[in-house]
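Dear colleague,

I am handing over the structure below, and after it you will find an account of what turned up in it. Please read it with the structure open beside you.

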Amino acid sequence: STFPELIEEGLEFIDTEVETEGARIDVVFKNKNDEHLLIEIEIEARDNAIGQVQRFITYSDKYNIPREKIRLGIVCARMAESRLNACIGAGIEVYVLSLKKERPDT
């Protein structure tokens with residue numbers, strides 16, 4: 001939520017821990033086109049994370065936002081290729097972030 005530009009330029013932070021029917025959305029952003037990006041944050045995204053993100057669509061009804069203005073996403077450090085393929089098939093965007101510790105020259 002602190003660095004939305006790592007996901008996409010122009011994202012505006014809306015809220016965290018948003019409750020919907022059957023799911024809790026970790027972070028909600030909105031872009032320049034008024035699309036809401038609903039994000040699940042995981043260290044390693046597994047099948048349960050994919051299922052949870054699919055339930056985020058109830059956000060549309062709760063906040064009266066057209067479904068075509070909702071994007072679903074997962075931000076994680078790791079995801080198996082088979083799960084990535086499942087996300088692609090389900091229309092879930094995946095953002096894999098990594099931190100790299102640099103060693104000073106000795």
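Lys 30 forms a salt bridge with Asp 34, with 3.8 Å between the closest N and O atoms, where a salt bridge is a side-chain nitrogen of Lys or Arg within 4 Å of a carboxyl oxygen of Asp or Glu. Please keep in mind that this is a predicted model, in which local features need pLDDT of at least 70 and side-chain atom pairs count only at pLDDT 80 or more, while totals for chains, interfaces and linings use all residues. Residues are numbered from 1 along each chain as its sequence is written, and side-chain values use heavy atoms, with hydrogens and water left out.

Both partners of that pair are partly exposed, Lys 30 at a relative accessible area of 24% and Asp 34 at 46%; buried means under 20% relative accessible area, exposed over 50%, and partly exposed in between, with a 1.4 Å probe and protein chains only. The structure holds 10 salt bridges, and among them is the one in which the side chains of Arg 46 and Glu 44 meet at 3.3 Å, N to O. Arg 46 is partly exposed at 43%, as is Glu 44 at 26%. Asp 61 pairs in a salt bridge with Arg 67, the closest N and O atoms being 3.6 Å apart; here Asp 61 counts as exposed at 55%, whereas Arg 67 is partly exposed at 44%.

A polar atom of the Asp 26 side chain does, however, lie 2.7 Å from the backbone nitrogen of Ile 41.

Ile 41 also belongs to the lining of the largest pocket, where Leu 6, Ile 41, Val 75, Cys 76 and Leu 97 lie nearest the centre, out of 17 lining residues. The elements that give two or more residues to this lining are strands S2 (23-30), S3 (36-45) and S4 (70-79), and S3 gives the most, with four residues. A pocket is an open set of points on a 1 Å grid over the protein atoms alone, where a 1.4 Å probe fits, with protein on both sides within 12 Å along at least five of seven lines, and lining residues have an atom within 4 Å of a point.

With kind regards

Notes. A polar contact is a pair of N or O atoms within 3.5 Å; within protein, one must be able to donate a hydrogen and the other to accept it, and residues adjacent in sequence count only if both atoms are side-chain atoms.
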